[in-house]
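Student: I have a protein model open and would like to learn to read it. Can we go through it step by step?

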Amino acid sequence: MVRGTSVALACLLGCRGAPPQDPKDFNLAAMVDSLRPTVERATGLPFRGPTRSALKSRDEVREYLLTKLRQEFPAERQEGVEAVYRLLGLLPDSVNLKSLLLELYSEQVAGYYDPETSTLYGVSGADPAALRFVLAHELVHALQHQYLPLDSIMKLRSDADQQAAAQAVLEGQAMIASILVFAPDRSVLDQPGFWEMAREQVRAQSSSMKVFATAPLALREGLIFPYLDGSEFMRWWDSGHPGHPLPTLAELP
């Protein structure tokens, strides 16, 4: 799924000790297959079927993102959201929200899972070490889709709060699981200051992304929220629901 990205945390955990890889030797399907067992262990959920994967060029990804933004922000919704943000002083008059979101997503995305095609996509030319972390994260979404109707959940445009809450659950579980793929000792998540360090790391790494660094604060925090705050929620969920690692559709907040 593409609504922000976990690329920044790849620098926190995913890229540590990752050997360089010649792009000519890159095999997306092999990388996805190698990650499936560790993703199952990290989530506590077994895959119920295979995972389709494919590479896309950056131009193809940009066109995909543009199509998604057109669906999520038809003219009337874009005008409404922009009007509210400007009224609250969160968005300058000179900024076109849809255009800025397209630039933000295009700048950050290295891979994504598309529920509509049930396919995990990697972006051609992405750094293999960072891509491996992103694929682990997005592979969790592929796994979630075998238990929840992700395509329907992410189309809850009539209730933005409900959509944001569901997204935080999905991204939070995926963030925790992708960290555990590369740091299998679950106790790392409970170390004092770990999540505060993660927050600071995300913000520090994101500041090196030109578009993200100059985007309005409300958008920056909105992109980070589902990953970090969703992780906090899912840590709470895990503590009270042993053996039940993912809320059902009826249990989503």
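This is a predicted model: local features need pLDDT of at least 70, side-chain atom pairs count only at pLDDT 80 or more; totals for chains, interfaces and linings use all residues.

Student: How many helices and strands does the protein chain have?

Tutor: Read along the sequence. The pattern is α-α-β-α-α-α-β-β-α-α-α-α-α-α. The secondary structure comes to 11 helices and three strands.

Student: Is Leu120 buried or exposed?

Tutor: Leu120 is found in strand β3. Its relative accessibility is 0%. The cut-off for buried is under 20%, so Leu120 counts as buried.

Student: How far apart in space are Leu120 and Glu138, C-alpha to C-alpha?

Tutor: In sequence, Leu120 and Glu138 are 18 residues apart. Leu120 also touches Glu138, and Leu135 and Leu139 are among its other contacts. From C-alpha to C-alpha, the distance between Leu120 and Glu138 is 7.1 Å.

Student: Which residues does Leu135 touch, leaving out those up to four places away in sequence?

Tutor: Leu135 is one of the residues with the most contacts inside the largest nonpolar core. Leave out residues up to four places away in sequence. Leu135 then touches Leu28, Met31, Val32, Leu35, Leu120 and Tyr121.

Student: Which residue has its backbone oxygen 2.9 Å from a polar atom of the Thr119 side chain?

Tutor: Thr119 lies in strand β3 (residues 119–123). Thr119 is buried, because its relative accessible area is 7%, and the cut-off is under 20%. The backbone oxygen at 2.9 Å from its side chain belongs to Thr117.

Student: Is Leu88 buried or exposed?

Tutor: Leu88 is found in the loop between α4 (75–87) and α5 (97–108). Its relative accessibility is 59%. The cut-off for exposed is over 50%, so Leu88 counts as exposed.

Student: What accessible area do Val84, Leu87, Leu88 and Leu90 have together?

Tutor: Val84, Leu87, Leu88 and Leu90 form a nonpolar patch on the surface. The whole protein chain exposes about 11900 Å². The accessible area of the patch is about 420 Å².

Terms used
Residues are numbered from 1 along each chain as its sequence is written. Side-chain values use heavy atoms; hydrogens and water are left out. A nonpolar core is a set of buried Ala, Val, Leu, Ile, Met, Phe, Trp, Tyr and Cys residues joined through side-chain atoms within 4.5 Å. Buried means under 20% relative accessible area, exposed over 50%, partly exposed in between (1.4 Å probe, protein chains only). Contact means heavy atoms within 4.5 Å. Helices (H or I, at least four residues) and strands (E, at least two) are DSSP runs, numbered from the N terminus. A polar contact is a pair of N or O atoms within 3.5 Å; within protein, one must be able to donate a hydrogen and the other to accept it, and residues adjacent in sequence count only if both atoms are side-chain atoms. Accessible areas come from the Shrake-Rupley method with a 1.4 Å probe; for residues, only the protein chains shown count as cover. Patches are made of residues with over 30% relative accessible area and no salt bridge: like charges are joined within 9 Å, nonpolar side chains (Val, Leu, Ile, Met, Phe, Trp, Tyr) within 5 Å. A salt bridge is a side-chain nitrogen of Lys or Arg within 4 Å of a carboxyl oxygen of Asp or Glu.
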